[in-house]
Amino acid sequence: MAEPTTSDAGAGPPAPRTSPLAHLADRMRAAAVTGARGVTLAEWPFVTMVNLRVDPASEAAVRIEKTLGAPLPRQCGHTTASGPHTLVWLGPDEWLVLSHADGTAVAGELGEALAGDPGSVVDVSANRTTLELSGPAARQVLEKGCPLDLHPRAHGPGRAVSTTVGPVAVLLWQVDDAPTYRLFPRSSFADYLARWLIDAMAEYRGPEVP
Amino acid sequence: MLLISCPWCGPRDETEYHYGGQAHVPHPESPADLSDEQWAAYVFYRDNSKGPFAERWVHSTGCRRWFNVLRDTATHEVLAVYRLDGPRPAPPQAGGNR
């Protein structure tokens with residue numbers, strides 16, 4: 001991962017990409033718990049992520065919203081979606097565009113929409129990886145290390161916030177009511193966070209201790 | 001544990017923030033004209049008052065924005081939170097009901 005990927009021209013096809021958690025895929029699968037206290041963990045590698053900074057009151061923001069087909073969320077925790085893109089609020093003038101589309105293409109389109117106005121569009125797909133934690137016990141697993149109130153009265157599907165899980169800074173996005181959470185840790189912290197979650201999931205294998 | 005309300009993200013635990021020292025320390029108008037002693041006073045010397053104290057915090061694991069907090073250094077009570085471009089709130093009067 002951290003090794004330089006330069007290769008001599010004509011020395012063969014480029015090596016396939018390795019995700020930050022490829023080496024833990026089997027352990028994450030084995031850690032899955034089924035039943036009423038079930039919880040599963042999996043990595044979704046290579047999600048396109050584009051960091052976007054622009055003044056939300058500017059003309060450029062209007063052009064970017066038109067390009068993405070969705071309004072930029074204006075409040076902490078809010079997300080908007082359109083086609084392959086999901087827009088996540090990171091700060092008052094900063095967003096993360098999550099997408100199934102090709103990263104270079106998305107960054108290129110947004111760069112054209114920005115058209116040299118103050119702001120920035122950067123493809124940061126390699127900055128973070130995606131962990132999906134899902135199942136009836138998923139909230140209890142996160143509550144062991146997340147300072148946020150994740151109860152449905154305060155946190156529901158469609159909310160995404162930057163916070164910490166254990167000591168790791170993550171972007172935490174709740175996708176549905178299962179509940180399913182997607183965690184976006186920086187790649188170099190992903191190994192630690194995955195092991196932390198595997199450990200936190202272990203107790204749900206046994207019966208509940210009253 | 002302090003509970004600090006980020007002006008953009010709302011109430012979060014102190015562990016999500018980092019401290020930035022005393023607020024409202026103006027940068028010298030002409031740093032080149034200062035003596036070493038004056039420069040040292042600007043760089044290193046800070047108030048250490050008991051009671052309401054304006055200080056800078058950054059929401060480092062959240063929106064990564066700097067803002068100011070008025071905190072009582074004796075009770076740790078967070079009296080006010082305000083943006084860098086917002087007005088500085090008046091410190092509560094001694095003997096007030098707090």
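Let's begin where the two chains touch, keeping in mind that this is a predicted model. In it, 12 residues of chain B are in contact with nine residues of chain A. On the chain B side, the touching residues divide into three nonpolar, four polar and five charged.

**Chain B as a whole**

Now follow chain B by itself. How many helices and strands does the secondary structure of chain B come to? There are one helix and six strands. Starting from the N terminus, the elements run β-β-β-α-β-β-β, so you can trace them one by one in the picture. The C-alpha atoms of chain B fill a box of roughly 45 × 35 × 25 Å along the principal axes. Chain B has 98 residues, and 17% of them count as buried. Looking at the contacts in chain B with a separation of 6 or more, 51% come from residues 24 or more positions apart.

**The sheet in chain B**

Four strands of chain B form an open sheet, and their order is 3-4-5-6 with antiparallel pairing. Which strands are at the edges? They are strand 3 and strand 6 of chain B, each of which pairs on one side only. From one strand to the next, the twist averages 30 degrees.

Strand 4 and strand 5 of chain B pair with each other in the antiparallel sense, over seven bridges. To find a spot in this pairing, look for Glu55(B), which stands opposite Val69(B) in strand 5 of chain B. The table lists where each strand of the sheet lies.

| Strand of chain B | Residues |
|---|---|
| Strand 3 | 18–22 |
| Strand 4 | 52–58 |
| Strand 5 | 66–72 |
| Strand 6 | 78–83 |

**Two helices in chain A**

Turn next to chain A, and look for helix 2 (residues 59–68) and helix 3 (residues 103–114). Their axes come within 8 Å and cross at roughly 145 degrees. Is the crossing of helix 2 past helix 3 of chain A left-handed or right-handed? It is right-handed.

Which residues meet here? From helix 2 of chain A come Ala60(A), Arg63(A), Ile64(A) and Thr67(A). They meet Glu109(A), Leu110(A), Ala113(A) and Leu114(A) in helix 3 of chain A. The residues of this contact divide into five nonpolar, one polar and two charged.

Methods
Residues numbered from 1 in each chain as written. Chains lettered and ligands numbered in written order. Predicted model: local features only at pLDDT ≥ 70, side-chain atom pairs only at ≥ 80, totals over all residues. Pairing = 2+ DSSP bridges. Axes fitted to C-alpha atoms, helices over the stretch in contact; angles between N-to-C directions. Contact = placed C-beta atoms within 7 Å. Nonpolar A, V, L, I, M, F, W, Y, C, P; charged D, E, K, R; others polar. Left-handed = near helix turned anticlockwise from the far one by under 90°. Buried ≥ 20, exposed ≤ 12 C-beta atoms within 10 Å, placed from the backbone.
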